[in-house]
Amino acid sequence: MDLTILYRGPLASCDYDCPYCPFAKRRDSRDQLRADRAALERFTAWASEQREDRLSVLFTPWGEGLVRSWYRRALTELSRLPHIGRVAVQTNLSCRTDWLADADPAKLALWCTYHPGQTPYDRFLAKTHELADRSIRFSVGVVGLPDHLEHARRLRADLPEQVYLWINAAEGHGYTDEEADRWTALDPLFPYSRSPHRSAGLPCRTGESVISVDGEGTVRRCHFVRAELGNLYDGSYRRALAPRACPLAVCDCHIGYVHLETLPLYDVFAGGVLERIPAGIRPAGPTPGGKPPRVSA
């Protein structure tokens, strides 16, 4: 079967201090980092040994993973395996990019977020062009706060032409139609992020072909439903894989609602669900900045 895994280990430290993030400038102790490394290496070893399923993996750490060597190594190693369809990670792109030379660009992808005020704009932009020059698949996004709008407009103008710029609705922030139109002009898919999606009782791929795994191997249907389905390492989770309806009232995070069967997002992001790249976006490659890609909402 094709199985998508969202992995989130105990790592909770980040090198940024975004005011909208609870993990800003949080530091993990040496013991915590050691535990995170051991957990990730155990998961990578398990994924490497699988032959029953075709796996796709998205790393969704609370903190910033790519500043840690073990995350870079895991992505590189998994990208080289024939039974891995895609391996991706959410990142602020503060890490260097030379390690990507050892990865398979056909398998590895990055979901990058630009945080204005946390890093020099030119430094972040230069790294996106480095990714494009290395033919790495990636998307770039911004949190849709009012004071981020001009930053997002500048980013759209300067990004490589083929790169999709997504906008995440800020948590707890409502948008007037006029405000939403401004963001939609940058990201035609922003309407999907603007408001939480009703999900109670609706069919979702999580728990069947998509699962969430923590550092101890506990398997849940997704990051937002706490009920356990079993453990990855003893195989007990497999008996629980089945179609099931969502038990929550709403789903307001892209990594959750993208899997709702009532939304067309598997078609919209066909071939790029994990890295948040819509279908039809050309492969990355060296290009100058230019017009935004055409994306059908």
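Which helices and strands do the buried residues of helix H4 pack against? What we have here is a predicted model, where local features need pLDDT of at least 70, side-chain atom pairs count only at pLDDT 80 or more, and totals for chains, interfaces and linings use all residues. Residues are numbered from 1 along each chain as its sequence is written, and side-chain values use heavy atoms, with hydrogens and water left out.

Okay, H4. This helix covers residues 149-158, and its buried residues are Leu-149, Ala-152, Leu-155 and Arg-156. By buried I mean under 20% relative accessible area, with a 1.4 Å probe and protein chains only. Helices here are DSSP runs of H or I with at least four residues, strands are E runs of at least two, and both are numbered from the N terminus. Looking down the axis of H4, those buried residues fall within an arc of 120 degrees, so they line one face of the helix; the arc is taken from the directions from the helix axis to the C-beta atoms. And they pack against helix H3 (121-133), strand E5 (137-144), strand E6 (165-169) and helix H5 (177-186), where contact means heavy atoms within 4.5 Å.

Now H2, residues 69-79. Eight of its 11 residues are buried, so this helix is largely enclosed by the rest of the structure. Trp-70, Tyr-71 and Arg-72 are among them. What do they pack against? Helix H1 (30-49), plus strands E2 (54-59), E3 (84-91) and E4 (108-113).

On to the core. A nonpolar core is a set of buried Ala, Val, Leu, Ile, Met, Phe, Trp, Tyr and Cys residues joined through side-chain atoms within 4.5 Å. The largest one has 64 residues, and Phe-59, Leu-110 and Leu-155 touch the most other members. H1 gives the largest share, six residues. There's also a second, separate core of 22 residues, including Leu-6 and Val-210.

Leu-93, in the loop between E3 and E4, has a positive phi near 65 degrees without being a glycine. Leu-93 counts as buried, at 2% relative accessibility. Arg-276, in the segment after helix H8 (265-268), also isn't a glycine and has a positive phi of about 65 degrees. At 3% relative accessibility, Arg-276 is buried too.

Note on methods
Buried < 20%, exposed > 50% of the residue type's maximum accessible area, 1.4 Å probe, protein only.
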